[in-house]
Amino acid sequence: MKYLIFSILLCAFFPFTLSNKHYNKEVVIVIEEEEVEFDPFSFEYREFLNTLELRNHLPYDLLFTMMMMESSGRPEVISSAGAQGLFQFMPTTAEWLEIDPFDPYEAAEGAATYMRHLLDKHNQDIHLALAAYNAGTSKVHKYKGVPPYKETQKYVLTITNQILL
C-alpha cells in the first residue's frame with residue numbers, strides 16, 4: 001500500500017520558561033493518507049466530465065473518448081514525443097493552459113478548454129479541431145485540413161465515429 005505523508009509546520013511557537021530560560025517548541029503534525037488509484041470510469045469522474053460538457057458545450061463522449069484514445073485512462077503516461085497525462089498534453093500546451101497534465105481533473109479541464117478553443121478557431125469543424133489537438137494547429141493549417149498522417153487520420157475517424165453513434 002502506498003502512503004502520502006504530509007508534514008505541516010505550524011508557524012506558532014509555544015514559549016515556556018524553565019529556570020529563567022525561554023524555549024520555543026516547534027510543532028509538526030504528520031498526517032498519513034492512503035493513495036487512491038484514479039478510475040476514469042468512477043461515478044465521480046464521469047460526473048465531473050458531465051459538468052465540463054455543460055460548461056464548454058462539448059459532448060461527454062468527446063472528452064471521454066479522447067481520454068481513452070490518448071492514454072487509455074492512465075494519468076501517469078508520458079509518450080515518446082513527450083506528451084503527458086490523461087489527455088497527452090505537450091508541456092508547452094499544459095503551461096499555456098496553466099494545468100498539471102498529470103492531475104486528472106486539471107487535465108480534463110484543460111482538454112475541454114483547449115477543444116472549445118480549437119472548435120472556435122476551426123469554425124466548429126470537429127474533424128479539424130481533433131486533427132489540431134492530435135497533430136497541432138500548424139499541421140492543419142499547412143495541409144489545409146486533416147494532415148495525411150495515419151495516426152491523426154485514425155484518431156479523428158475513431159473519435160468522430162464514437163461520438164456520432
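## Exercises on aromatic pairs and a helix contact

At 2% relative accessibility, Phe89 counts as buried (under 20% relative accessible area, with exposed meaning over 50% and partly exposed lying in between, for a 1.4 Å probe and protein chains only). The model is predicted, so local features need pLDDT of at least 70 and side-chain atom pairs pLDDT 80 or more, while totals for chains, interfaces and linings use all residues. Residues are numbered from 1 along each chain as its sequence is written, and side-chain values use heavy atoms, without hydrogens and water.

**Exercise 1.** Classify the ring pair of Phe89 and Tyr133.

*Solution.* Rings of Phe, Tyr and Trp (its six-membered ring) pair if their centres lie within 6.5 Å, and planes under 30 degrees apart count as stacked, over 60 as edge-to-face and the rest as tilted. Here the centres are 6.1 Å apart and the planes stand at 65°, so the pair of Phe89 and Tyr133 is edge-to-face. Next, Tyr133 is buried too, at 10% relative accessibility.

**Exercise 2.** Describe how the axes of helix H1 (residues 43-56) and helix H2 (residues 60-71) are arranged.

*Solution.* Helices are DSSP runs (H or I, at least four residues), numbered from the N terminus. The axes of H1 and H2 come within 8 Å and cross at roughly 125°, and H1 and H2 are therefore oblique to each other (under 35 degrees is roughly parallel, over 145 roughly antiparallel, 65 to 115 roughly perpendicular, and the rest oblique). These axes are lines fitted to C-alpha atoms over the stretch in contact, with angles from 0 to 180 degrees between N-to-C directions.

Definitions and conventions: Helices (H or I, at least four residues) and strands (E, at least two) are DSSP runs, numbered from the N terminus.
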